[in-house]
Every structure is written in structure tokens, then in C-alpha cells.
Amino acid sequence: MEMLLFSVWALLALISSPGATEGPFEVSVQPEQALVKFGQSLMVNCSTTCPDPGPSGIDTSLKKTQVGKGPQWKEFLLDDVTESSILQCFFSCAGIQKDASLGITMYQPPEQVVLELQSAWVALDEVFTVRCRVPKVAPLESLTLTLLQGNKELYRKNFVSVAAASERAEVTFNVQAQREDHRCNFSCHAKLDLSSHGGGLFHSSSASRVLQIFEFSQRPQIWVSPLLEARTAETVSCELAGVFPAKEVTFHMFLGDQELSPFLSWEGDTVWANATVQAMETGEQELSCRVSLGPMEQKTRELVHIYSFPPPVLEVEELTLVGTDLNVTCSGHTLTSPSPTLRLQGAPALSAPGEPAWLLLTTTEEDDGRNFSCEASLEVQGQQLVKTTTVQIHVLYRPRLEESGCPSNQTWVEGMEQMLACVPKGNPTPLLVCTWNGVTFDLEVPQKATQNHTGIYCCTATNLLGSVSKDIALLVQGLGEGISSTIIIIIIVALGAGVITIALYLNYQPCKIERRKLPYRQKEKSKEEESQFAVQQAEICIVHNC
């Protein structure tokens, strides 16, 4: 029974295959593997070994055009390839159809790689997202995207499991912001490897994006006195602590509508802005400080009171003659408001507010170099402010040769280094000239005492107000002489000096010979003219430090 069924099946097979006697045939397609860039064309050749082929052609979703044919082949042009597909080439021979497949892979290099940061500025410890996308690339299974921080690889992703129809590749990665990430470059690298399809490698990278990390958790503080003096340069400061990066903070400071020019300094996470302010108007004004860092901005304000309090005015003749009546007046400045309370050093009583203080005195020699101070006090916003003006006066007087500074009788010890002792008094400081036997004696260089130095010396002190002369009796004592000899010599010298003094007095011409040689002798003038001239000359002398 089984043998009968097999025989029937074989007979039916022979009846249904009339061309089986022509033998087997093959169908082939060229190229065997196709890699086509997006939008380009592909030439496909379909051929067979059948000597007398029947119906033939290709099956594809792509746009096709037959461009050639022969007894056993056909050639087609696939135009504008935009997708990957499988092409079927078929031929019939003696009623039998065979086909061959061609896998067409369309590729599109990653020409555009885009890196996106969640924000250019990210707060410290905040999680931010780095995103990389390639809008058009194929085939995705051959693509690898790598996220980089500087040269460090953050994350790598391939797309083997992605649907073949997709042409968009994207990868995201979350990072927690740290200080060391500040101003780091982030980038994305795309690699399309077509080696498995008979192609090569394509590389492309995104533009780098810079990430900036910040910390800005505190408000700025203004350091300024609640009182500022008008028309006076004052320093104000604005401080911000706990900020990162401190060196990238910007400050804008204003006093009212006047913008200041701050100078910045840093230490760690603290930054200071110091500015010089000079207010011109009095009253309440607002000092503001606006601090910016990236997307953050903070502003703080302080009210300050501007007051006007210039130093008081002290009026006094700074250069005067001895015996002159001198009026000293202490008054408030016209720009001071309200009027201050004034105190003049040496004045008998404290003046009433707004009233000047004054003092009248007759100058003496002891007043030369005396300082007068005028003190003004003013209460502003509950604070007591004090300003002082000081003036030094100079009292001029004629030269004097006093016994205390220029003794009439002096004794030297023979063989010792000695100097003539004579210091004049007077203002301006007098010029002292001493002569001996008609010759000017050097007062600056010590002399080795000899018996030849014994004698009478005539010393003259001169300044712009006049001159005065004095005779000095000098005795040189020998080293071997006893006490009694010294006493006798002193008595003799004293008697001699007395006789000489009487003689000079009777002649009314002390140091007559030497005086003729001095350049200061001139005709007498009236006392008033001489004093006025002396004051003028003294002023010139003091100005030039003569």
C-alpha cells in the first residue's frame, strides 16, 4: 500500500514539472553587498544561468528603473536611496522560479553632533543633565556616542538595540556639580563604524560647552559709618562671604544717584569691594550695593547722614614784634550747620553756641613758638564731633648777649682744646661775630689754648632788628699754677676788665675799631620805620629758613 502511494506521488510530480528535463539553474545579483550613502543611487545587476529564462525582475520598495537587459540578465538603477532594505532578484526557468537577495544598507554620517547643558551656571551640589544628540545618522546600530568632561570619559552608549527605522540618536547623563567642575569643558564624540558592512569609520564631535559652578547663599553686607562728612573723601565697603568663585563676583555701588568705582579684593570664599565716596549735599542718602554672580543677584542698602563740618577758622598774626598787642579770634566755618560751640585755648570763658571766641594779649619773648588752638564741637545725630585748628606764632625781638649765655670773664686751661662760650639770644637767630686784635675769631673750631689767647674779645650779635656788642675777657691759666695763683690772676684780670670797661664807657665807643669793619652799621631811622622794616625782612627770612 505504501509503495503504491509513493509511485502515484512521483508520477504526479513528473507531470507537474514539464521543464525538469532542462536541468537546474542559478540566480545571482551584483553587487553581493551594497552600502549606499543617503540620497545616492545604486546600480543592480540580476542574472541567471537558465538558457531560456522566463519572467524575471526585482522586488524592492526603492525607486527603480531598468537601464539594460540581455538574454540572461537585467540591470536596474535604484535612485535616491533613503533607507535600508532587502532587494529580491528573481528568474523563472521551465516553470520554476528562483530568486536571490541583496541587502542594501543606507548610511548617513554623523555630520551634526549637538551637546546641550541644562544651564551654563549650576549651583554647587545640584544635579545637572548633559545631553548629546545626533539629529540624522544611520545605521544606528553602528553608532557609538561618548560624553567627555575635558579628556575624561563620562559615559558611552551604543545603539545596537535601537529600531532600525530611527535616524535620531540621543544620550543623557546626570552629574552632581562640584567645585572642580567649574569652567570644565564638556563635549560629545560620535563614531559610526561601517566595517561590518564593508565600509570605513566616520568621526564627528560637538562644540565644547563650558560649565560654571557657583555658590551664593548669603546676602552682602555694607560697612559704612552712619555719618559721612560732605566734601570729604570717605571709604565705604561691601562684603560678601560664602561665595564661589569669589573672583568672578561683580559689584555695583551707589550713593544716591552717584555710581562709585569699587576696588575688589579676595580671600578664600570672601570678597570685598572698597570705594571712595565724596558727598556734596547734606542730608539723608542711600548707600546701595548690588552683587552679581552668574544668574544670581543680591542687593543691600544702608541709610547714611551727610553733614557739613569744616574745621574752625583761627585768625591771628603769625609773625609779630615783641610787645605787640595781639588779637586771637576763633570762629566757626560758614559751611558748618548748625553753628558749633567754640573754645579758644587761653580764652577766659567758653563762648555761646555760634559766637566767636577771642583773646587779647601783649606778646613777650616767651610767646615765640606758642601754639593757639581753636576747637569747635558739633552734635550730629546724637554724636559729638570735634574739629581743631592750630596756629603757631613767631615773636621777633632784637639780639641780646646775656651773662648766662655769654659770660664777660672766661678762663681756659693752657694746652687744652677750648672754645669761646657765647650764645646770643634773639629772633630771628642772630649772627655772632667775635674779633680779637682786629682779626675775626673762629667760634666753630676748638682752639688749643696758649698764653697768646689771653686778651679782650669783642663779640657782636646781629639780626634783622639790630645788633648788640659785648667785650669778653679771656684768661689762659697755666697747668703748673696753684690755687692761690689762680685766684690772684682772676683778681688782676677782674680789675683790668673793670678799668677797661670804665675806659670804654667813658669813650662811648665799645669795640670802635672792630665796629667799623662790621657791615650792619647804617644811619638811624625812626623806631616805627625800623620795626616795620625788620618785620618785613624777618618774614622773608623765616619763609626762606635763613
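Biologist: How many disulfides does a search of the whole structure find?

Modeller: Seven disulfides. This is a predicted model: local features need pLDDT of at least 70, side-chain atom pairs count only at pLDDT 80 or more, and totals for chains, interfaces and linings use all residues. Residues are numbered from 1 along each chain as its sequence is written, and side-chain values use heavy atoms, with hydrogens and water left out.

Biologist: What makes C238 and C289 a disulfide?

Modeller: The rule asks for a pair of cysteine sulfur atoms within 2.5 Å. The sulfur atoms of C238 and C289 are 2.0 Å apart. The pair therefore passes. Its link is left-handed, with -95 degrees about the S-S bond. C238 sits in strand β20 (residues 234–240) and C289 in strand β26 (residues 283–293), 51 residues apart, so distant parts of the chain are linked. Strands (E, at least two residues) are DSSP runs, numbered from the N terminus.

Biologist: Why is C238 called buried?

Modeller: Buried means under 20% relative accessible area, exposed over 50%, and partly exposed in between (1.4 Å probe, protein chains only). C238 has 0% relative accessibility, so C238 counts as buried. C289 is also at 0% and buried. C184, at 18%, counts as buried too.

Biologist: Why is the disulfide of C434 and C459 called right-handed?

Modeller: The torsion about its S-S bond is about 115 degrees, so the disulfide is right-handed. It links C434 in strand β39 to C459 in strand β42, 25 residues apart. The S to S distance is 1.9 Å. Both C434 and C459 are buried.

Biologist: And is the disulfide of C406 and C422 left-handed or right-handed?

Modeller: Left-handed, because its torsion is about -95 degrees. C406 lies in the loop between β35 (394–400) and β36, and C422 in the loop between β37 (417–418) and β38 (425–427). C406 and C422 are both buried.

Biologist: How do you know that β39 and β42 pair?

Modeller: Two strands pair if DSSP finds at least two bridges between them. Five bridges join β39 (residues 431–436) to β42 (residues 455–463). L432 has A461 in β42 as its bridge partner.

Biologist: Which strands stand at the edges of that sheet, and why?

Modeller: The sheet is open, with five strands in the order β36-β43-β42-β39-β40 and mixed pairing. β36 (409–413) and β40 (439–441) each have a single partner strand, so one side of each is left without a neighbour in the sheet.

Biologist: Which residues have the most contacts inside the largest nonpolar core?

Modeller: L143, L145 and F186, in a core of 28 residues. A nonpolar core is a set of buried Ala, Val, Leu, Ile, Met, Phe, Trp, Tyr and Cys residues joined through side-chain atoms within 4.5 Å. Strands including β9 (114–117), β12 (143–149) and β15 (184–193) each supply at least two residues of this core. β15 gives the most, with five residues. A second, separate core of 27 residues includes F216, A246, C289 and L293.

Biologist: What is L143 in contact with?

Modeller: Contact means heavy atoms within 4.5 Å. Neighbours within four places in sequence aside, the partners of L143 include V137, F159, A169, A190 and L192.

Biologist: Why is W266 called partly exposed?

Modeller: Its relative accessible area is 37%. W266 is found in strand β24 (residues 263–267). It touches A246, K247, V271 and W272, not counting residues up to four places away in sequence.

Biologist: How far is the side chain of W266 from the backbone oxygen of A246?

Modeller: The side chain of W266 reaches that oxygen at 3.1 Å.

Biologist: What makes R231 stand out in its phi?

Modeller: Phi of R231 is near 60 degrees, a positive value in a residue other than glycine. R231 lies in the loop between β19 (227–229) and β20. At 34% relative accessibility, R231 counts as partly exposed.

Biologist: Is N437 buried or exposed?

Modeller: Exposed, because its relative accessible area is 64%. Phi of N437 is near 55 degrees, again a positive value in a residue other than glycine. N437 sits in the loop between β39 and β40.

Biologist: What is omega for the peptide bond from F244 to P245?

Modeller: Omega is near -10 degrees, and the bond is cis. P245 is in the loop between β21 (243–244) and β22 (250–255). The bond from Q30 to P31 is cis as well, with omega near 0 degrees.

Definitions and conventions:
Helix = DSSP H or I, 4+ residues; strand = E, 2+ residues; numbered from the N terminus. Polar contact = N/O pair within 3.5 Å; in protein donor to acceptor, adjacent residues only side chain to side chain.
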